[in-house]
Amino acid sequence: MNKKALSERDICSQFIQPAIVQAGWNMKKQVREEVSFTDGRIIVQGRIHTRGNRKRADYILYYKPNIPIAIIEAKDNKKPVGTGMQQALEYAAILDIPFVFTSNGDSFVFHDKTLTSGPIEQELPLDSFPSPAVLWEKYLIHTGIKTAEERAIVEQDYFVDDSGMSPRYYQQIAVNKTLEAVAKGQNRILLVMATGTGKTYTAFNIIWRLWKGGVKKRILFLADRNALLTQTKNGDFASFGNDIMHIIKHRKIDKSYQIYFALYQGLTGTEESQNAYKEFSREFFDLVIIDECHRGSASEASAWREVLDYFDQATQIGLTATPKETKDVSNMAYFGEPVYTYSLKQGISDGFLAPYKVIRIATNIDEEWRPTKGLVDKYGHEVEDRIYNLKDYDRKLVIDERTQLVAQKITEYLKATDRFAKTIVFCIDIDHANRMRKALINENADLVAKHPTYVVKITGDDEIGKRELDNFTDVEEPFPVIATTSKMLTTGIDTKMVKLIILEANIGSMTEFKQIIGRGTRIREAEGKVYFTIMDFRNATRLFADPDFDGEPVQIYEPGPDEPIVPPEEEGEIVGPGGGTLVDPPPPPTTGGGGEDDPPTKYHIDNVDVKVTRERVQYYGRDGKLITESLKDYTKKNLHQEFASLDAFLQRWNASEKKEALIAELAEQGVLLEALREEVGKDMDTFDLICHVAFDQPALTRKERANQVRKRNYFAKYGPVAQQVLSNLLDKYEAEGILSIEAPSVLKVRPFVEMGSAVELVRAFGKKKDFDEAVRELEAEIYKMA
């Protein structure tokens, strides 16, 4: 047998797989082939989006389902045996897999990440591949799992979902790391997972394995909002069955259940008689899950901490997207370092979270506005004479025209994109949310007349608004469309279809900022939600420049006073984060005066000239940093990193069987061709766009290239039908670009369907390979350099 002639898949099936089976691995239960473990980053250019390549492992080996311990990268026999180890190690780091193998069918190269000295990497004969038991024992020694009881915990089976749903790779890591920590006796555990990555589903799998194994028998799930409890019990936790689950309400305690859900404020109170948690013994719960633990559980003065201290003998697991670290509150000090972190940036990179664009709206009064001497507000109060700015508006000073302008800009954007795109407007307080609701109703009177709940206020004081919360979060419910709020929607609420987030509140906390951004990060690809937009009226997105923020936007746009609200793809200044400063945190709220001479809580004025100023579009580079240069210069630099010379580009372009793959690869590397095309010229071919921008070549339009091919009478060597097919392909290229003629279905659309079936047209060239070769020759003629 000539191994060199075998494909990679042949090497897998004839050499690698038999070696694995011989070592004792069960191909059905312990081995997965060609595993795509990411979804591919969503790349947004203007209103167009595509997905990048998924990360794919040739083989992942599991000791038990969802407990991966080894990865194998396969290569054909033309390559040396260790080829692919770097890629395999990169994947192993992402997947938290300790044992890494490569093979070309001759042998294996084994990299043991559990070792710190000795032969970390060595070659093994095909018949010496380690068994599951050998690798598992090595792993247990590495992790410090020693006793039979500890082994039983980490080896406990996962829940088997009849629907076929299983944890994503990062959820597996979070669950497995948590069980290892529990097995080793760690009683304070912190998991940090970005909003939208399935923290509750992860918690279910942790609890299921501990409960099923009898390690934890009574569990308390703590949250701070009723909606979170119901959402959890009826959603991810439904498989436990209602007979063992119970939501504690009205401080009424029933000790006959095994899994309890409770609001921390529902267990505590200012009076001793309200401390319902004390009806349980201190030993009653052996596991406490604290959802959204950044919201106060680590504060010694909080009600959460009171409950946690009481049940201090239980294992306590904190879940959060944003651990809080301030001089007063520290999740780390209470729980310790996270056993695992899955960041917003990683979620966006993997394609599990939606990327986003930013529109920054600046007005002429943002930096300062000063009242004229003796100015009296609408209610007869003389306005304090001082400088007011963004941190004062709607907290100390209400300017009607500013509220109206914000409502106008929100409506303008929705009208230009999708008037039924779910939108959250984050406001300063309840009063501000109410005024914003009114302004938005007036701006959208046509839709409100038909659909009274088109705009609603959802705040803690509004029972009607709270009743609309379920409709707002329901994927299938079209109304409400716009929700104004202050704090109620900042965290924990699952808002899958939100496509527009309005920042009309002063945000000084990175924790709150991340939580707000998290309202839009969920992807619903089937329903058309693949990215979202943030419209910032408070300069809060300066927090993107903070090193604590880990998920940069794909675009930031600041429209001018007469510019459209939707980011134009052709605009292109790229701005860096170096000058960004954090927004001052809002001062404590005032309570207002109690007597006639006391100043009001807020001054309320009108007749102020408020208008939009400044225009700027900003892009983030592929390294996650903003850069201050023109779009053309930025693209040129990126292209030069990919292609050292024009010849290098031409060689790569001509060697690419499908130009679509090369263009997609460039997009992943941060080359924003669609945005650049709008700036340089819509009719320019991608090939010419790159040659012109990166290598200063004369720019030809598609029409000019097509005409050059026609003049060369290149088609004469073909028969009449084939000539007409090629002529039509050339016309299609001229009208739509190179990707249109590479499409597999190109012969199934007009004008080709009018000439005959796809099979008949291909037959005019001979066989399918002859047609493919003719198309490649046509492309070569199109891109022939003068």
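Predicted model: local features only at pLDDT ≥ 70, side-chain atom pairs only at ≥ 80, totals over all residues.
Let me begin with the chain as a whole. The protein chain has 786 residues, of which 54% count as buried. Its secondary structure comprises 27 helices and 29 strands.

I now turn to the rings. How many aromatic pairs does a search of the whole structure find? The search finds 54. One of them joins Phe237 and Phe240: the ring centres are 5.8 Å apart and the planes stand at 45 degrees, so this pair is described as tilted. Both of these residues are buried.

A second pair consists of Tyr277 and Tyr310. Here the centres lie 5.0 Å apart with the planes at 75 degrees, and the pair is therefore edge-to-face. Tyr277 belongs to the loop between helix 8 (264–267) and strand 13 (287–290), whereas Tyr310 belongs to helix 9 (residues 303–310), so the pair ties together parts that are 33 residues apart in sequence. Tyr277 and Tyr310 are both buried.

Let us return to Phe237 and Phe240. These two residues are members of one aromatic cluster, which also contains Phe159, Phe204, Trp208, Trp211, Phe221 and Phe261.

Finally, I consider charged residues placed over rings. Lys3 lies over the face of Phe15, at 4.3 Å from the ring centre. Arg218 lies over the face of Phe284, likewise at 4.3 Å from the ring centre.

Definitions and conventions. Residues numbered from 1 in each chain as written. Heavy atoms only, no water. Phe/Tyr/Trp six-rings, centres within 6.5 Å; stacked < 30°, edge-to-face > 60°. Buried < 20%, exposed > 50% of the residue type's maximum accessible area, 1.4 Å probe, protein only. Helix = DSSP H or I, 4+ residues; strand = E, 2+ residues; numbered from the N terminus. Lys NZ or Arg CZ within 6 Å of the ring centre and 35° of its normal.
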